[in-house]
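Keep the structure open beside this text. The paragraphs below lead through it step by step.

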Amino acid sequence: MADTQLSPALLPAHASPHPMANPGYGKRTAPSTGQSPAAAHDFAHLPPREAAIAAFIDRLPDGADISVKTLAKTLPYGQCALRTALNRLQEAGHLRRGRERVTSASGSAHWITRSWWSRTARDDHWWATFTRGDVPEQPRPAPTRSRAHILLAALGRETPALSLSQADCASLAPLVEEWFARGATDEAVRAALTAGLPTPVHHPAALLRRRLTDKLPPEQPTGPRPIRLLECSECRTPGPPEALPGGICRGCRGERAPERANAPLPSAVIQVRAAEIRAAMSVKRREGTPV
């Protein structure tokens, strides 16, 4: 079937379930921040073949096997064509392949192969930020009234003694936002502000400011950031995102890496290579080969 005659709608809608990868592997959707809902024109910027394959992968659930061999059994393309198409999707910013260090319930750590997917094309800076463990944010228009402002303005309707002016709400809103940042719900904030009120309340804004300050909950503990490492789509060499523009290393691009005297390897690369050496030594010990 010619590429010009193929559209995303003609690809299998997986009437039979698409094969899933082993647990922890397969398609992994990158953070959806800034992404629009799925639409027919999502991949219109790609050539027809790549657009059709991208639309098919986008419909698959997380954990689906999107390896070249598995896709070749489902789509009307050979493995060479699919490998080329996936590399082009990576260059376009929809796909990145690499490894992520995860810790099991028993506390042991190991590396998992990942294939991260984004419906929205992302540039190298976005992928570098994601690889470092951050969630890249997209600018959002500021709402006319924040969640904290709305909560404060509603207090007077529920508890007339706590009626506030526009200026009071604007002044107290940052304190309420700090509660939200520490995991407090609207109900928790409302209860802390309205429980056990004195009679009468002479200065509602001053009273609420004191309670928001004195009863501020502790900061929520944050979990460790994931350790991620991208791989070149051509030679599978791991490296930091800065060394893999478009997901391809400079060597495979035919570019000479800038020379740096005694430049240390990234810690993630050292960890991967150390794990490979330990695995090789373990195999030799089992085979009785001198190490």
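Helix 7 crosses helix 8 with a right-handed sense. This is a predicted model. The two axes, of helix 7 and helix 8, come within 9 Å and cross at roughly 125 degrees. Angles of 65 to 115 degrees count as roughly perpendicular, and those over 145 as roughly antiparallel. Helix 7 and helix 8 are therefore oblique to each other.

Which residues make this contact? On the helix 7 side they are Val-189, Ala-192, Leu-193 and Thr-194. On the helix 8 side they are Leu-208, Arg-211 and Leu-212. By class, the contact of helix 7 with helix 8 has five nonpolar residues, one polar and one charged.

Now follow the chain between these two helices. Pro-200 sits in the loop between helix 7 and helix 8. The peptide bond that joins Thr-199 and Pro-200 is cis, with omega at about -5 degrees.

Helix 8 has another partner to look at. Helix 6 spans residues 166-181, and helix 8 spans residues 204-214. The axes of helix 6 and helix 8 come within 10 Å and cross at roughly 15 degrees. Angles under 35 degrees count as roughly parallel. Helix 6 and helix 8 are therefore roughly parallel to each other. Their crossing, helix 6 with helix 8, is left-handed.

Helix 6 contributes Asp-168, Ser-171, Leu-172, Leu-175, Val-176 and Trp-179 to the contact. Helix 8 answers with Ala-205, Leu-208, Arg-209, Arg-211, Leu-212 and Thr-213. The residues of this contact, helix 6 with helix 8, divide into seven nonpolar, two polar and three charged. Compare the two lists for helix 8. Leu-208, Arg-211 and Leu-212 meet helix 7, and Leu-208, Arg-211 and Leu-212 are also among the residues that contact helix 6.

Next, the charged pairs. Side chains of opposite charge can pair when their charged atoms come close. The count comes to 13 salt bridges.

Start with Glu-50 and Arg-88. These residues form a salt bridge, and their closest N and O atoms are 3.5 Å apart. Glu-50 lies in helix 1 (residues 48-59) and Arg-88 in helix 3 (residues 79-91), so the pair ties together parts that are 38 residues apart in sequence. Arg-88 counts as partly exposed, at 42% relative accessibility.

Glu-100 and Arg-114 are another pair. Their side chains, Glu-100 and Arg-114, meet in a salt bridge at 3.2 Å, N to O. Glu-100 belongs to strand 2 (residues 95-103) and Arg-114 to strand 3 (residues 109-117), so this bridge ties together parts 14 residues apart in sequence. Glu-100 counts as buried at 8% relative accessibility. Arg-114 counts as buried too, at 5%.

Then go to Glu-158 and Arg-190. The side chains of Glu-158 and Arg-190 meet in a salt bridge at 3.4 Å, N to O. Glu-158 lies in helix 5 (residues 147-158) and Arg-190 in helix 7 (residues 186-194), so the pair ties together parts that are 32 residues apart in sequence. Glu-158 counts as partly exposed, at 48% relative accessibility. Arg-190 also counts as partly exposed, at 23%. Elsewhere, salt bridges that share partners join Asp-42, Asp-58 and Arg-119 into one network.

One backbone detail remains. Which residue has a positive phi although it is not a glycine? Arg-236 does, with phi at about 65 degrees. Arg-236 is found in the loop between strand 4 (227-231) and strand 5 (238-239). At 35% relative accessibility, Arg-236 counts as partly exposed.

Step back to the whole protein. There are 10 helices and five strands. Of the 291 residues in the protein, 36% are buried. Take the contacts in the protein with a separation of 6 or more: residues 24 or more positions apart account for 65% of them.

Terms used. Residues are numbered from 1 along each chain as its sequence is written. This is a predicted model: local features need pLDDT of at least 70, side-chain atom pairs count only at pLDDT 80 or more; totals for chains, interfaces and linings use all residues. Side-chain values use heavy atoms; hydrogens and water are left out. Axes are lines fitted to C-alpha atoms, for helices over the stretch in contact, and angles run from 0 to 180 degrees between N-to-C directions. Helices (H or I, at least four residues) and strands (E, at least two) are DSSP runs, numbered from the N terminus. A crossing is left-handed if the near helix is turned anticlockwise from the far one by less than a right angle, and right-handed if clockwise. Contact means heavy atoms within 4.5 Å. Ala, Val, Leu, Ile, Met, Phe, Trp, Tyr, Cys and Pro count as nonpolar, Asp, Glu, Lys and Arg as charged, and the others, Gly among them, as polar. A salt bridge is a side-chain nitrogen of Lys or Arg within 4 Å of a carboxyl oxygen of Asp or Glu. Buried means under 20% relative accessible area, exposed over 50%, partly exposed in between (1.4 Å probe, protein chains only).
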